[in-house]
Amino acid sequence: MNAPASCAILGLGYLGRPLAETLWQHGSRVSAWKKTVTSDDINLPIDLASGDIADCLTNGFQTAFARWQGAQTWVCLLPPSACAHAGENAYADTVRAWAQTAAQYGAQHLILASSIGVYDGHRGDVDENTAPVSRRGRLLAEAEAAVLSAAVPHRDILRLGGLYCAERHPLAAVLATQKTVAADEPANMLHRSRAVAALFQTACTPNGRRIRNVVEYPQPDKRQFYTAEAAKLGLPPPPFAAGGAGKTVRTLYKDFAAILNVNG
């Protein structure tokens, strides 16, 4: 796959840093924005800027992102929590302003890392055609709509499953609180490396307007997932309770089949 010539990433954190490194290794010129620059960031081979994204929303994105003019691909990895202090609608407003600025500055491809939280409140199987029913789901869908309606040729929404890796694992939080896990609920998880691979593939293959669910399969239930992960990490499994009736996230498409098949 051919990487985009230039890429601008909003959010150089858990997903942004490995994505930036992957893009750079494949020849992209990479720019990125993060809230705070640390000593670990100084020598990265990217054009890095920093600041509070809420200030950008107040003062205008055009000035903040002027250095991104001409960047071919713009990626938003900003989690809703990054805007929570600015109000309930701040996330959608921020994504909308980001998308509009990208269009003004000549972007050809927008990628938004959204979440399967858009399906909160559902039970049973859901797919890309399932409408949101919860307040959180509608707020996420509003941000997605801002990207899909932007005046940019290619627009992608990736609804990512629950992220995990050895360094940041949900099992640690569950054990710390001794939270009881509903054993039979679907896990709907996504390893960080697979999330980065899906984002990179998307950046390399612009193709109009797309919404994709990105979740590992075959789907384990939470007992299977946490028991297997506990064995890998050398940790005890969490306490389980029988039952559970959550949502099972499916996809209507095969774009990431090779990436997401955990048995492949």
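Figure 1. Strand β13 spans residues 247-249 and includes Lys-247; the model shown here and in the following views is predicted. Lys-247 counts as buried because its relative accessibility is 17%, and the limit for that class is under 20%. A polar contact of 3.5 Å joins the side chain of Lys-247 to the side chain of Asp-120. Beyond residues up to four places away in sequence, Lys-247 touches Ile-116, Tyr-119, Asp-120, His-122, Arg-123, Gly-124, Pro-186 and Asn-188.

**Figure 2. Glu-128 in the loop between β6 and α5.** The loop that holds Glu-128 runs between β6 (124-126) and α5 (135-148). With a relative accessible area of 8%, Glu-128 is buried. Apart from neighbours within four places in sequence, the residues in contact with Glu-128 are Tyr-119, Arg-159, Ile-211, Arg-212, Asn-213, Arg-250, Thr-251, Leu-252 and Tyr-253. Glu-128 and Tyr-253 are 125 residues apart along the chain, and their C-alpha atoms are separated by 9.1 Å.

**Figure 3. Ala-141 in helix α5.** Ala-141 is placed in helix α5. Not counting residues up to four places away in sequence, Ala-141 touches Val-118 and Pro-132. A separation of 9.7 Å is found between the C-alpha atoms of Ala-141 and Tyr-119, which are 22 residues apart along the chain.

**Figure 4. The buried side of helix α1.** Helix α1 covers residues 16-25, and its residues Gly-16, Leu-19, Ala-20, Thr-22 and Leu-23 are buried. These residues lie on the same side of α1 because they cover an arc of only 165° around the axis. The packing partners of the buried residues of α1 are β1 (6-10), β2 (29-34), β4 (73-76) and α7 (192-204).

Figure 5. Rolling a probe the size of a water molecule over the atoms shows where empty space is left. The count comes to 1 cavity of 30 Å³ or more, and the volume of the largest cavity is about 30 Å³. Leu-12, Arg-17, Ala-20, Glu-21, Leu-44, Pro-45 and Ile-46 line the largest cavity. By class, this lining has 5 nonpolar, no polar and 2 charged residues. Ala-20, one of the lining residues of the largest cavity, is also among the buried residues of α1.

**Figure 6. The second largest pocket and the contribution of helix α8.** The second largest pocket holds about 310 Å³ of space. Its lining comprises 21 residues, of which Tyr-164, Glu-216, Phe-225, Glu-229 and Lys-232 are the closest to the centre of the pocket. At least two lining residues come from each of β10 (189-191) and α8 (222-233). The element that gives the most to this lining is α8, with 6 residues. The lining of the second largest pocket divides into 11 nonpolar, 6 polar and 4 charged residues.

Conventions
Residues are numbered from 1 along each chain as its sequence is written. This is a predicted model: local features need pLDDT of at least 70, side-chain atom pairs count only at pLDDT 80 or more; totals for chains, interfaces and linings use all residues. Side-chain values use heavy atoms; hydrogens and water are left out. Buried means under 20% relative accessible area, exposed over 50%, partly exposed in between (1.4 Å probe, protein chains only). Helices (H or I, at least four residues) and strands (E, at least two) are DSSP runs, numbered from the N terminus. The arc is that of the directions from the helix axis to the C-beta atoms. Contact means heavy atoms within 4.5 Å. On a 1 Å grid over the protein atoms alone, a cavity is a set of points where a 1.4 Å probe fits but cannot get out, and a pocket is an open set with protein on both sides within 12 Å along at least five of seven lines; lining residues have an atom within 4 Å of a point. Grid points are joined across faces, edges and corners, and a volume is the space filled by probe spheres set on the points. Ala, Val, Leu, Ile, Met, Phe, Trp, Tyr, Cys and Pro count as nonpolar, Asp, Glu, Lys and Arg as charged, and the others, Gly among them, as polar. A polar contact is a pair of N or O atoms within 3.5 Å; within protein, one must be able to donate a hydrogen and the other to accept it, and residues adjacent in sequence count only if both atoms are side-chain atoms.
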